Amino acid sequence: ANLAYILPGYHMYHTDHKRSKTQNTSSSFLFNTTKLQMNRKRDITIGLLFISAFPLYGVGSSLLETAPSSESSSFFHAAAGIGLLLVLSNSAVVLVIGRMLKEIVAPIDKAAAVIYFYARLVEALLLAFSASLIFHSHHHYAAGEINGGGPSPIAPWCYRVAMLGLGMGSFPLLISVMKAKAIPAWLGWSGMVGYSCVIVGILADSVGAKDLGLLFMIPGAFFEITFAIWLIFRGFQFDGYESL
């Protein structure tokens, strides 16, 4: 008589338990799928930001460095204004890259994430300051307030310090993501070599070897473009984090 009451209850308990387990598994799958999709969108965004920084700064700085003249002052003001806006936009992009990568790397190496973020912050501020100096020096020259249309001598040093900081600040981050197997070793080492070349190039430029300095900047640019493409099509893989 007792089994007549116990067995139905036992059956109902296990039926409900299996249903609950199935629902939990389904919810966990949906959560992981959603998180994976969000991470892919995040990585694609970072990749696109890396690529966008090249035309923003390249075109912007070229427009800013156009020497003003009295015959084309209106054209200069328009071109320089656009150039300044593009360089400031680049600084915003650089800052966003630093913040996004900081959030990604902080769980595995907080120190490396913070160093990289501040390296990007300093880069963004110095490039913006440098562009502002060039714009205002040309503006005053076009207005006839100063002799000589060259930019402020401080501007090139702002750029050099910004690039040195970026190069040195990227090493800890690259080492961390390589250890976590978030990026392939070949990509991480190309970044180490690329940013080392950037540092050498900046040092060469600072002593007057501008052509050599420009040549050494190429590996760093090649890495950032390759890294951006890899983020867009593959993205970070943190499967190896558990082995750290």
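Let's start with Asp-43, which pairs with Arg-42 in a salt bridge, their closest N and O atoms lying 2.9 Å apart. (A salt bridge here is a side-chain nitrogen of Lys or Arg within 4 Å of a carboxyl oxygen of Asp or Glu.) Asp-43 counts as buried at 1% relative accessibility, while Arg-42 is partly exposed at 22%; buried means under 20% relative accessible area, exposed over 50%, and partly exposed in between, with a 1.4 Å probe and protein chains only.

A quick word on the source: this is a predicted model, where local features need pLDDT of at least 70 and side-chain atom pairs count only at pLDDT 80 or more, while totals for chains, interfaces and linings use all residues. Residues are numbered from 1 along each chain as its sequence is written, and side-chain values use heavy atoms, with hydrogens and water left out.

The structure holds seven salt bridges. Another of them joins Glu-123 to Arg-120, at 2.9 Å from N to O. These two sit three residues apart in helix α3 (residues 110-142), so about one helical turn separates them; helices are DSSP runs (H or I, at least four residues), numbered from the N terminus. Glu-123 is buried at 5%, and Arg-120 is buried too, at 3%. Shared partners also link Arg-99, Lys-102 and Glu-103 into one salt-bridge network.

Now on to helix α5. Spanning residues 185-206, α5 reaches 32 Å from its first C-alpha to its last, close to the 32 Å expected, which is 1.5 Å times one less than its number of residues. After α5 comes Gly-208, with a positive phi near 100 degrees. Asp-205 is buried at 16%, and its side chain meets Lys-210 in a salt bridge of 3.8 Å, N to O.
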